[in-house]
Amino acid sequence: MQYYCLAFIPAPEGGYAIFSPDFPELASQGEDIADCIEMAMDALRIITSEYAREKKALPVPSSFVEAKGKIAAELKGLGMDVPHESILYQFIPAPSVDMTCIEISVTFTRRTLDSIDSKARARGMTRSDFLAAAAHAYA
């Protein structure tokens with residue numbers, strides 16, 4: 001199981017904003033630390049599911065020192081002046097995502113298979129990737 005370090009940053013209006021040095025798309029907030037942990041776990045579940053759907057490898061988790069440096073740089077880039085000692089860091093477990101490939105057998109007419117292959121080539125995809133993308137489009 002992988003653990004990702006997330007930063008809980010006090011918000012001026014109360015509560016905390018949640019930042020992730022490893023998942024820039026993760027954005028959430030919580031009223032208190034317990035709420036932040038719950039929100040962070042939910043956000044990680046959603047993001048890792050999206051990564052799996054897109055067949056995108058999960059990022060290597062940052063160490064604590066790396067996480068602090070990335071968060072400091074992100075806050076500076078956003079023009080946020082937050083005292084470093086007020087930021088709380090928490091390691092959150094990422095849910096496991098099964099990306100095991102499974103071989104299956106399907107039957108198509110020659111004409112249908114030729115059409116699938118043609119459309120896959122036109123998109124720079126393999127037959128399997130095209131069929132998986134088509135299945136996700138209808139999910």
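These are legends for a set of close-up views of one predicted model.

The model is predicted, so local features are kept only at pLDDT of at least 70 and side-chain atom pairs only at pLDDT 80 or more, while totals for chains, interfaces and linings use all residues. Residues are numbered from 1 along each chain as its sequence is written, and side-chain values use heavy atoms, with hydrogens and water left out.

**View 1. The largest pocket, with a volume of about 730 Å³.**
A quick word on the method: rolling a probe the size of a water molecule over the atoms shows where empty space is left. Here a pocket is an open set of points on a 1 Å grid over the protein atoms alone, where a 1.4 Å probe fits, with protein on both sides within 12 Å along at least five of seven lines. Grid points are joined across faces, edges and corners, and the volume is the space filled by probe spheres set on the points. Lining residues have an atom within 4 Å of a point. There are 21 of them in this pocket, and the closest to its centre are Lys55, Ile102, Ile104, Ser128 and Ala132. Helix 1 (33-53) and helix 4 (127-137) each put at least two residues into the lining, with helix 4 giving the most, 6 residues. Helices in these legends are DSSP runs of H or I, at least four residues long, and strands are runs of E, at least two long, numbered from the N terminus. By type, the lining splits into 10 nonpolar, 5 polar and 6 charged residues.

**View 2. Lys55 in the loop between helix 1 and helix 2.**
Here's one for anyone who checks backbone torsions: Lys55 is not a glycine, yet its phi is positive, about 55°. Lys55 is also among the residues closest to the centre of the largest pocket.

**View 3. Phe23 and Tyr51, an edge-to-face pair.**
A pair of aromatic rings is described by the distance of the centres and the angle of the planes. Rings of Phe, Tyr and Trp (its six-membered ring) pair if their centres lie within 6.5 Å; planes under 30 degrees apart are stacked, over 60 edge-to-face, and the rest tilted. The structure holds 3 aromatic pairs. In this one, Phe23 and Tyr51 sit 5.4 Å apart, centre to centre, with 75° between the planes. Phe23 belongs to the loop between strand 2 (16-19) and strand 3 (28-30) and Tyr51 to helix 1, so the pair ties together parts that are 28 residues apart in sequence. Both residues are buried, where buried means under 20% relative accessible area, exposed over 50%, and partly exposed in between (1.4 Å probe, protein chains only). Ring pairs link Tyr4, Phe23 and Tyr51 into a cluster. Tyr51 has a charge over its ring too: the charged end of Lys56 is 4.4 Å from the ring centre (the rule asks for NZ of Lys or CZ of Arg within 6 Å of the centre and within 35 degrees of the ring normal).

**View 4. Phe64 and Tyr89, also edge-to-face.**
The ring centres of Phe64 and Tyr89 are 5.4 Å apart and the planes meet at 85°. Phe64 is in helix 2 (residues 64-77) and Tyr89 in strand 4 (residues 88-93), so this pair joins parts that are 25 residues apart in sequence. Phe64 is partly exposed, at 37% relative accessibility.

**View 5. Ser20 and Asp22 in the loop between strand 2 and strand 3.**
Ser20 is buried, with a relative accessible area of 2%, and Asp22 is buried as well, at 7%. A polar contact is a pair of N or O atoms within 3.5 Å; within protein, one must be able to donate a hydrogen and the other to accept it, and residues adjacent in sequence count only if both atoms are side-chain atoms. The side chain of Ser20 reaches the backbone nitrogen of Phe23 at 3.0 Å, and a polar atom of that side chain lies 3.2 Å from the backbone nitrogen of Asp22. The side chain of Asp22, in turn, contacts the side chain of Ser62 at 2.4 Å.

**View 6. Gly30 in strand 3.**
Gly30 counts as buried, at 8% relative accessibility. Gly15 is 15 residues from Gly30 in sequence, and their C-alpha atoms are 5.7 Å apart.

Technical notes. Nonpolar A, V, L, I, M, F, W, Y, C, P; charged D, E, K, R; others polar.
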